Amino acid sequence: MACAAAACHENGCCKDEDDEGLVLSTKKRTAEPTIKTNSVLVATASSNTITSSTEDSEHRHGLCVKCKVDAALAGDECNLCFGCFRASLFGKFKVTVTTKDLISPTDNVLIAFSGGPSSRVALQFVHEIQQKAQRNLDASRDKSYPVFGVGAAFIDESAISSISSHEFEQAIQDIRLIVSSLAPPAKELHIAPIGNIFSLDPNDGTERLKELLHTINDVTGKEDFLQHLRMISLQKIASDHGYTKLVLGSCASRIACHVISATVKGQGYSLPADIQYVDARWEVPVVLPLRDCLAQELKMLCHHEGLKTLELLDGPRSGINGLVSSFVTLLQEENPSRQPTIVRTAEKLTPFNFNRLPEIDDSSNHLPFRRRHKKLNFKSDESNTSEFFCQICNSPIKNSDLESLRSILGHSETGANIFGSSCSSCQFQILPKEPSSMEHFYSLLPKSMVARAREGICCNQDRLREQIKDCLLSDDEEGI
Ligand SMILES: [Zn+2]
Ligand SMILES: [Zn+2]
């Protein structure tokens, strides 16, 4: 895996666990564009083959090209020993968290844990950063430096899964064990059935979920809708328990798949919203610290470090998502830099205003910490300012695309009408075509989704009225 080696060289391979060392290397790197890591992956991977003949010969002899002491990992394309590989991967993660200010000392972070390698590594690495912060606190004299809290959430989809209930129970036991066996500080584990967002009564919730999924005929639409429901579940857990950030394990490979499938589904406008390090359009902002890591690297780490993962729960994708996933995997097998290249290309698209963390009152923040961290900053005139969101999937909708909203103005805000401003992808793949089925679909949706839709419509109507106010008749002009 040449990528890890290349990243390692570029990052100065943050083998030193020392924070100061990291800060120094961070300072050096912040002047460069953030996409440098990926672009260098490509550049160095090719230059390695030309210039580093000594490294090649070392690799041929099975030695790690970084430390030149330990044996490189066998059976993989990686030319690093396990120690250097791990240090490089953790370094990449830590640099992302630090330079993008993804986790601050006052945060309470919820990790979306599916049991797969990506979220397993996210849990492990966030835990290690927390442990380090705790050690710093213990060592400090004034004890005023807060340590961020960490929790994990697992969305239980057993009600709609094809996995047997016995196997599912075993998997949940394993998840409990994984989280509880992490060293202190203790981490709370939240296991919530996905039906919880429909009803507090578990049977009722499951029935409504099943009925709702049954109304969606398109397999891709069904899978995507389930993905939205998962996000709503995670947001509910996060806000119910006072978490301030939601960490997802989305890695470069996953994002590369999303880039291609979103393009195929006609979601080009909203695509830049989903692929940034920060997505604050949700009540609890979502962060993606593994965005620059490849699925293969994360799997390799779990394998060599003996981190237990639950592949059972990570079933194959269907429809467009399944096709794209196999396509991107094939591309990557042919050329290890293809996934980062896809992400890097999509990164040229302009992000949205909500792709940065909301400004918080700095007086409550710790200045020494703040000084070391660089906020995600892009000029506001360079970013998309859309504030219209799809009522189903929460994707931003083009400002100019107001036709559907216009048709809602003046109409009832109850019933299925309020879902008129869904993105074209949801209208095509998820929403029923018949008005009568639409009412039924609407009646089954989780309350939080309906509330968000209502809120969005009110906000959209106000903004729309503001935009067209000069063309509106006033009351006394009526009938002229
Ligand atoms: Zn080494
Ligand atoms: Zn949508």
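**Burial, helix packing and a crossover**

Me: Happy to start simple: what percentage of the 480 residues of the chain counts as buried?
Reply: This is a predicted model, where local features need pLDDT of at least 70 and side-chain atom pairs pLDDT 80 or more, while totals for chains, interfaces and linings use all residues. Residues are numbered from 1 along each chain as its sequence is written, chains are lettered from A and ligands numbered from 1 in the order in which they are written. With buried meaning 20 or more other C-beta atoms (placed from the backbone) within 10 Å of a residue's own, the share of the 480 residues is 39%.

Me: How many helices and strands does the chain have?
Reply: Both are DSSP runs numbered from the N terminus, helices (H or I) of at least four residues and strands (E) of at least two. The count is 19 helices and 8 strands.

Me: How are helices H9 and H13 oriented to each other?
Reply: H9 (residues 219-240) and H13 (residues 319-334) pack with axes 6 Å apart at about 85°. Axes are lines fitted to C-alpha atoms over the stretch in contact, with angles from 0 to 180 degrees between N-to-C directions. Since 65 to 115 degrees counts as roughly perpendicular, H9 and H13 are therefore roughly perpendicular.

Me: Nice! Which helix does the chain cross through from S2 to S3?
Reply: S2 (residues 149-156) and S3 (residues 188-193) run parallel, joined by 6 bridges. The β-α-β crossover between S2 and S3 is right-handed (clockwise from first strand over helix to second, strands pointing away from the viewer), and passes through helix H7.

Key. A residue is buried if 20 or more other C-beta atoms lie within 10 Å of its own, exposed if 12 or fewer, and partly exposed in between; C-beta atoms are placed from the backbone. Angles under 35 degrees count as roughly parallel, over 145 as roughly antiparallel, 65 to 115 as roughly perpendicular and the rest as oblique. Two strands pair if DSSP finds at least two bridges between them.
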